[in-house]
Amino acid sequence: MDSIIAIISPWYKAIATLLFFLLIRFFYRKFLLSLLHHLTTRTSFTYFKELLEAFEQPINIVLFVTGIYLSLHVSPVNIVPHLPLIEHILRSVIVLCFFLGCYNVCSATHGLFMDLLSRAGIHANDALSNIFSTVLHFLIIILGFFTIAKEWNYDMSAFIASLGIGSLAIAFAAKDALANVFGSFIIILEKPFAIGDWILADNIEGTVEKISFRSTCIRTFPQELVYVPNSLLSNTPIVNFTRREKRRIDFIIGLTYGTTYEQMETFIQLARERLLSMEDDVYENDLSVNFVAYGDCSLNVRIICYIKTGIQIEYLKITEKINLALMQVMEEAGVHCAFPSTSVYFETPLQQENAENAKTPPSQE
């Protein structure tokens, strides 16, 4: 027993130091984080909780690695922590945890960039925030790589020079990907559409769900998810239905040929008055109701107006109101809608022609 104690006694400080840091780590995870999360509900900073969650795991790793390093420092093998390899590993782990926390911040606080841009006077959409977040991810990875490489005394000048030599080949190999990246910047800068807009591009119609570096995600009305390359969108006509401030209604009502002059005049006058009375839904300046043509089987009245909405559901409701109002006007004017029909006229009545054929004797040859 005394021999065991004699062996363990030099390690008391090391074990106590390691247990102390494990206790701090336990206290941090169970109590301090709970307290900080509780304080987030009372602070005005919206993204404080996301920041805590972003650095939670990196801080746990740093506490654990630091505890092992200091326990070795006070142990009988205290020469180990002073080895250059161990020091490089410790500093590399700390640097890696710091950049890991920054990387998590970019992933978690998506709305933080939008708030910062709006406070700077830059009005941006979610697509710009996504691209800005992706650029920050890339920069953090590059900075972390160069920082750790510098810690290990790696000469980065040769690496950068090799990148310059191979960049031309990479550019040729990734020209389509680069075209999509530049296309995404064109879309963000010109803003032909935003997330949530209803668009038609390259015979693909639907709602924009996401804009990334490579492509734009469009949800079609049959609920299919289509990824369109940004290089294609930047070079094709785009119809944005969402940004319509008003919608045009243009249709023809065909009345029967039995409609009299007075009935036609009454119908046109009542239709104009009824549409003008719908001032909450229809623009007055661009409204016209005119008898325009004698059709094959109807007297055609053309109705053109613009309604005060660009939303599809409201457009359908207003169109229904207009159609019901015109049906009521036709009832009041005593006119009826025509339908496609064909009339056949004979120069000689059939009965008379049959009688003459019966009286004529058959010819004999």
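**E190**

I began with E190 and looked up its accessibility: the relative accessible area comes out at 63%, so I have it down as exposed. This is a predicted model, and I read every entry here with that in mind. E190 belongs to helix α8, which covers residues 175-190. I also checked E190 against S234: the two are 44 residues apart along the chain, and their C-alpha atoms are separated by 9.7 Å.

**The five-stranded sheet**

Next I traced the strand order. I get an open sheet of 5 strands, β4-β3-β2-β1-β5, with antiparallel pairing. The edges are β4 (225-229) and β5 (238-240); each has a single partner strand, so one side of each has no neighbour in the sheet. From one strand to the next, the twist averages 40°.

I then went through the pairing of β3 and β4. Strand β3, residues 215-220, meets β4 over 5 bridges in the antiparallel sense. For T216 I found V228 in β4 as the bridge partner, and I218 sits opposite V226 of β4.

As background, most residues other than glycine have a negative phi. Which loop residues did I note with a positive phi although they are not glycine? One is Q223, at about 70°, and another is D202, at about 55°.

Q223 lies in the loop between β3 and β4. Those two strands make a hairpin with 4 residues between them, and Q223 is in the turn.

**The three-stranded sheet**

I found an open sheet of 3 strands as well, ordered β6-β8-β7, and its pairing is antiparallel. Here β6 (247-255) and β7 (288-294) are the edge strands; each has a single partner, so one side of each is left without a neighbour in the sheet. Neighbouring strands are turned by 25° against each other on average, direction ignored.

How many bridges join β6 to β8? I get 9, with β8 at residues 299-307 and the two strands running antiparallel.

**Cysteines**

I searched the whole structure for disulfides and the count is 0. C97 has a relative accessible area of 6%, so it goes down as buried. C305 is buried too, at 0%.

**The largest pocket**

Last, I turned to empty space. Rolling a probe the size of a water molecule over the atoms shows where such space is left. The largest pocket holds about 190 Å³. Which residues line the largest pocket? My list reads V135, F138, L139, V181 and F213. By class, the lining has 5 nonpolar residues, no polar and no charged ones. Helix α6, residues 126-151, gives the most to this lining, with 3 residues.

Methods:
Residues numbered from 1 in each chain as written. Predicted model: local features only at pLDDT ≥ 70, side-chain atom pairs only at ≥ 80, totals over all residues. Heavy atoms only, no water. Disulfide = S-S within 2.5 Å. Buried < 20%, exposed > 50% of the residue type's maximum accessible area, 1.4 Å probe, protein only. 1 Å grid on protein atoms, 1.4 Å probe; cavity = no way out; pocket = protein on both sides within 12 Å on 5 of 7 lines; lining within 4 Å. Points joined across faces, edges and corners; volume = space filled by probe spheres on them. Nonpolar A, V, L, I, M, F, W, Y, C, P; charged D, E, K, R; others polar. Pairing = 2+ DSSP bridges. Axes fitted to C-alpha atoms, helices over the stretch in contact; angles between N-to-C directions.
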